[in-house]
Amino acid sequence: MHHVLVIGAGTMGTVHARSYAAMENVELVGIVDIRAERGRELVAETKTEWFASYEEAMEKLARVDIIDVCLPTYLHKTYVQKAADAGKHIICEKPLARNKEEAESIVDYCREKNVKLFVGHVLRFFPEYEKSRQLVQDGAIGNVGVARTFRGGIFPTAWNDWYADYKNSGGLVLDMIIHDFDFLRWCFGDVERVYAKSLLGRGFARMDYALVTLRFQNGMIAHVEGSWAHEGFSMKMELAGSEGIIQYDSAKEKPLIAVNRAKQAGMTGVAVPESPLRENPYFRELKHFIDCIENDREPRVTVEDAVKAVEIARAALESIETGKPVTLV
């Protein structure tokens, strides 16, 4: 039985707490949040205890094995280090940190303390994205030359309006489309060059938009689009290869479809559906991390992956600020 303490009862803390509460081999021993009303509401739902501070929880709880950090990005380093000092394994929401140097220092600290660190890049656990990567690896659409992704929704609201503080949140580039950076790197390897444009600094209150072009070391080009100017939420992707295209658009509420051009030109097309409703991707992600702890396995998302995702996002932000492409070494 693994005893998990969740720090933060915001959107992701709520999702994680509900997931742990539904796991057979996990006991959710507590939730930490400075907001008493929100904390008590969530513990009532998940049948655990609320604590006003990390220190109170660690003092009062008889056993904690894993600490899950679901706090604003700028607080990650502080609380990951506190958990590492206590000798606990750690699950931390993405992005790991606000920049590469901070991310690397977190990773090094956890290694020094000999604790495991897992970072929640959950897109790797969405069935549509898993299947897309598998199709690419299997050569179902030949050599991929171009990819396009989109992720968009309304400007997020949260505790202390921290998303509006660009220094602490990194805007949608660091907080949201980092999902797509991680997914594309998972599929196609390391990024060589980044060029980006956005609304950053143009005075649009509660709105943001970015278009990031990635050139990979293998020569592939990806266009990553993100928006905090849409109602609702949607994500889509298009992976174009020499033999076909993989397309997915959550707004259309259709399963993933991969079409082979050669077969389509003949007598038949090939459709490969995957439903996102079979199992919650967040549950699958956390269950995977728990299994990695239990069996000392390498996770699907390594700490190196998490650092690379931050590096790509920061390169995009640098490009936006300078108007120039940024080369990664």
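These are my notebook entries on one predicted model, written in the order in which I looked things up.

**Ground rules**

I number residues from 1 along each chain as its sequence is written, and my side-chain values use heavy atoms, with hydrogens and water left out. Because the model is predicted, I take local features only at pLDDT of at least 70 and side-chain atom pairs only at pLDDT 80 or more, while totals for chains, interfaces and linings use all residues.

**Entry 1: the whole chain**

I looked up the secondary structure and found 12 helices and 14 strands. Helices (H or I, at least four residues) and strands (E, at least two) are DSSP runs, numbered from the N terminus. The chain has 329 residues, and 52% of them are buried. Buried means under 20% relative accessible area, exposed means over 50%, and partly exposed is in between (1.4 Å probe, protein chains only). I then looked at contacts, where contact means heavy atoms within 4.5 Å. Of the contacts in the chain with a separation of 6 or more, 67% are between residues 24 or more positions apart.

**Entry 2: α1 and α11**

Two packed helices are described by the angle between their axes and the distance between the axes. I looked up helix α1 (residues 11-21) and helix α11 (residues 281-295): their axes come within 9 Å and cross at roughly 65°. That makes α1 roughly perpendicular to α11. For reference, angles under 35 degrees count as roughly parallel, over 145 as roughly antiparallel, 65 to 115 as roughly perpendicular and the rest as oblique. The axes are lines fitted to C-alpha atoms, for helices over the stretch in contact, and angles run from 0 to 180 degrees between N-to-C directions.

Which residues of α1 and α11 meet? From α1 I listed M12, V15, H16, S19 and Y20, and from α11 Y282, F283, E285, L286 and I290. By class, this contact of α1 with α11 has seven nonpolar, two polar and one charged residues. Ala, Val, Leu, Ile, Met, Phe, Trp, Tyr, Cys and Pro count as nonpolar, Asp, Glu, Lys and Arg as charged, and the others, Gly among them, as polar.

**Entry 3: the other end of α11**

I also checked E294, which is in helix α11. E294 is partly exposed, with a relative accessible area of 45%. E294 and M1 are 293 residues apart in sequence, yet their C-alpha atoms are 9.6 Å apart in space. Leaving out residues up to four places away in sequence, E294 touches H2 and N25.

**Entry 4: aromatic pairs**

Rings of Phe, Tyr and Trp (its six-membered ring) pair if their centres lie within 6.5 Å; planes under 30 degrees apart count as stacked, over 60 as edge-to-face and the rest as tilted. By this rule I have eight aromatic pairs. The rings of Y54 and Y79 have centres 6.2 Å apart and planes at 85°, so this pair is edge-to-face. Y54 lies in helix α3 (residues 54-60) and Y79 in helix α4 (residues 76-85), so the pair ties together parts that are 25 residues apart in sequence. Are Y54 and Y79 buried or exposed? Both Y54 and Y79 are buried.

The rings of Y129 and Y248 have centres 6.0 Å apart and planes at 80°, so this pair too is edge-to-face. Y129 is in helix α6 (residues 127-137) and Y248 in strand β12 (residues 244-249), 119 residues apart. Both Y129 and Y248 are buried. Y129, F183, W186 and Y248 form one aromatic cluster.

**Entry 5: α4**

The buried residues of α4 are H76, Y79, V80, Q81, A83 and A84. They pack against β1 (2-7), α3, β4 (66-69), β5, α5 and β6. After α4 comes G87, whose phi is positive, near 75°.

Most residues other than glycine have a negative phi, and most peptide bonds are trans. The peptide bond from K94 to P95 is cis, with omega near -15°. P95 is in the loop between β5 (89-93) and α5 (100-112).

N114 is not a glycine, but has a positive phi of about 60°. N114 lies in the loop between α5 and β6 (117-120) and counts as exposed at 68% relative accessibility.

D296, also not a glycine, has a positive phi of about 50°. D296 is in the loop between α11 and α12 (303-322) and is exposed, with a relative accessible area of 58%.
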